[in-house]
Amino acid sequence: MEGSGHRVVFEKGGVYLHTSAKKHQDPDSLIAGVIRVVEKDSDVLLHWAPVEEAGDSTQILFSKKDSSGGDSCTSEEDPTFDPGYEPDWAVISTVRPRLHHSEPTEGAEPSSTRGPWAFSVSLGELKSIRRSKPGLSWAYLVLVTQAGGSLPALHFHRGGTRALLRVLSRYLLLASSPQDSRLYLVFPHDSSALSNSFHHLQLFDQDSSNVVSRFLQDPYSTTFSSFSRVTNFFRGALQPHPEGTSPDLPPPPDDEPEPGFEVISCVELGPRPAVERASPVTEGEWALHVGPEGRLQQVSELKNRIFSGGLSPSLRREAWKFLLGYLSWEGSAEEHKAHVRKKTDEYFRMKLQWKSVSPEQERRNSLLHGYRSLIERDVSRTDRTNKFYEGPENPGLGLLHDILLTYCMYHFDLGYVQGMSDLLSPILYVIQSEVDAFWCFCGFMELVHGNFEESQETMKRQLGQLLLLLRVLDQPLCDFLDSQDSGSLCFCFRWLLIWFKREFPFPDILRLWEVLWTGLPGPNLHLLVACAILDMERDTLMLSGFGSNEILKHINELTMKLSVEDVLTRAEALYRQLTACRELPHNVQEVLGLVPPSEPRSPSPPVSPLPLSPTRALPTPPPSVDTAPQPDSSLEILPEEEEGADS
């Protein structure tokens with residue numbers, strides 16, 4: 001919008017000031033507002049003003065964007081989002097307040113008397129911009145001026161920090177600090193200021209004062225002669241600093257060899273190795289690993305075989321109990337029998353807790369009643385096309401219901417969340433025992449229960465780690481997704497939430513999960529599986545000119561069309577390609593398990609004490625000393641699976 005010598009080039013609603021220092025903000029301490037970038041005369045201003053709940057037109061200015069050069073934020077504020085599955089898949093409510101827009105008075109300008117919190121600052125007065133840590137509630141930006149003061153932190157409740165930074169980069173040079181990746185140093189588009197910055201960074205030779213002018217006159221020779229050292233500077237910033245050295249001081253010039261004409265790149269991956277999958281582990285091969293007293297031998301070799309080829313269908317019923325931590329890899333046959341007797345008694349005691357609740361009591365227990373209603377609804381539509389669960393009176397549905405309600409007794413804090421039935425269904429299909437399936441399900445939930453917690457911190461962390469891996473593997477693909485407002489990888493949410501359960505045919509999910517449960521070749525293989533799928537669809541996404549809605553639609557249409565063997569082959573190849581890189585950033589090494597994870601960056605501990613990846617050593621219960629026999633009738637055994645039911 002243009003008028004009276006000003007033009008709004010960016011506007012974003014849902015930007016709040018938090019006026020309280022408390023961790024949990026009261027509604028009265030949140031001030032809703034609109035952030036704008038305004039070109040006025042020869043200056044560019046960053047302007048924030050509060051928005052009254054009544055929608056006063058004097059408080060909502062410049063609501064129409066300039067059609068020629070303005071950035072429209074419609075896609076960010078009111079996205080047309082089709083998740084491709086039932087709305088009740090959302091783990092937490094995403095209801096949010098909406099601004100009451102009203103038309104501004106033609107030619108209206110920003111006012112400086114719009115409440116004590118409104119502010120306006122020239123972009124030339126900015127010194128630095130700090131972003132919030134990823135995954136910590138709403139994203140925010142802190143602006144620091146040349147005078148050393150900080151403006152109120154801007155909390156973007158509806159997203160938009162990246163869009164604002166992209167607009168600011170038109171007028172400013174935003175240089176990421178090598179000491180703090182969340183801090184952007186602000187420089188004007190001015191050659192003298194930029195040269196002075198290069199001088200302070202000590203990236204160039206003694207004549208760095210005219211680097212910018214030389215670059216403008218002859219960019220090729222200047223780039224090869226002077227900018228060749230930029231590579232090592234930023235590459236060093238990504239690597240951890242040895243103890244005893246200061247990250248603030250660059251290495252002395254005499255200690256650094258002349259790099260010559262090298263490609264400016266932080267990470268240079270080598271060629272992707274060829275990978276071949278092996279044949280599944282058979283019952284005969286498994287038997288070779290069973291030693292005296294029924295103890296498994298050469299367990300690491302056996303796990304490697306499962307990772308490289310999976311298991312034959314007839315072996316899964318026994319092997320999954322070890323992979324999911326129900327039975328100890330080191331235990332003897334007698335110890336396993338005692339352990340099963342103990343766990344059987346424990347299961348039925350927990351089941352009796354909810355079985356003994358009368359309808360009268362349940363009416364006064366809203367939590368249990370809510371869990372039961374949710375479970376009954378989800379069970380009635382879980383894998384009903386599978387012969388194992390089809391039909392109205394199928395006994396498998398009753399066992400799904402009972403196991404999930406008993407899990408609510410086992411894990412009171414978490415209870416039941418939609419999606420858990422999808423995780424239990426394949427386990428019950430394979431194990432075919434109520435008790436054993438329950439404890440195997442508990443082992444699986446030990447790995448993924450953070451996915452279902454209301455805070456969603458685990459899901460946010462995984463999406464951030466997935467984006468980190470993808471940026472190292474394929475930066476152009478990330479740039480494309482960013483340009484289409486899909487850089488958050490929200491379309492991968494369901495993949496990670498239930499471990500691709502709805503993306504592959506049922507038999508393929510059995511193969512995928514048993515490979516992931518081995519914890520090989522490193523933690524977070526499920527993230528590399530997601531990278532493999534995106535890598536397979538890379539050309540389709542980038543060459544078809546898809547927008548954000550088309551990208552989401554295409555990803556959802558991949559359901560049941562993927563080959564698990566092809567995806568696993570590519571995921572392992574990506575892992576080998578990454579681990580072969582000698583200059584892999586430290587945070588990527590952490591995700592891949594090449595180095596121990598550092599302390600959590602969040603000031604508050606994560607909600608879940610369990611780690612994210614499936615490499616966590618599952619708890620091995622001690623051998624039971626209880627010798628009291630348990631009657632066989634306490635075990636509910638389902639009919640043997642038909643031949644050819646699983647391939």
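Trainee: How many disulfides does the rule count here?

Mentor: A disulfide is a covalent bond between the sulfur atoms of two cysteines. The rule asks for a pair of cysteine sulfur atoms within 2.5 Å. By this rule the count is 0 disulfides. Take Cys490: the nearest cysteine sulfur belongs to Cys492, 8.3 Å away. Before we go on, note that this is a predicted model, where local features need pLDDT of at least 70, side-chain atom pairs count only at pLDDT 80 or more, and totals for chains, interfaces and linings use all residues. Residues are numbered from 1 along each chain as its sequence is written, and side-chain values use heavy atoms, with hydrogens and water left out.

Trainee: Is Cys408 buried or exposed?

Mentor: Buried means under 20% relative accessible area, exposed means over 50%, and partly exposed lies in between (1.4 Å probe, protein chains only). Cys408 is buried, at 1% relative accessibility. Cys490 is partly exposed, with 35% relative accessible area.

Trainee: Which residues touch the most other members of the largest nonpolar core?

Mentor: A nonpolar core is a set of buried Ala, Val, Leu, Ile, Met, Phe, Trp, Tyr and Cys residues joined through side-chain atoms within 4.5 Å. The largest one holds 118 residues, and Met420, Ile427, Phe444, Phe452, Leu512 and Trp517 touch the most other members. Helix H15 (residues 434-448) gives the most to this core, with 11 residues. A second, separate core has 29 residues, including Leu46 and Phe119.

Trainee: How many residues of helix H19 are buried?

Mentor: In H19 (residues 506-516), 9 of the 11 residues are buried. Among them are Phe506, Arg511, Trp513 and Glu514. The buried residues of H19 pack against several helices, including H8, H14 (420-431) and H15. Contact means heavy atoms within 4.5 Å.

Trainee: Where does His157 lie, and what is it in contact with?

Mentor: His157 lies in the loop between strand E8 (154-156) and helix H2 (161-171). His157 is buried, at 18% relative accessible area. Leaving aside neighbours within four places in sequence, its contacts are Gly14, Tyr16, His18, Leu30 and Trp138.

Trainee: What joins the side chains of His157 and His18?

Mentor: A polar contact is a pair of N or O atoms within 3.5 Å; within protein, one must be able to donate a hydrogen and the other to accept it, and residues adjacent in sequence count only if both atoms are side-chain atoms. His157 and His18 are joined by one of 3.0 Å.

Technical notes:
Helices (H or I, at least four residues) and strands (E, at least two) are DSSP runs, numbered from the N terminus.
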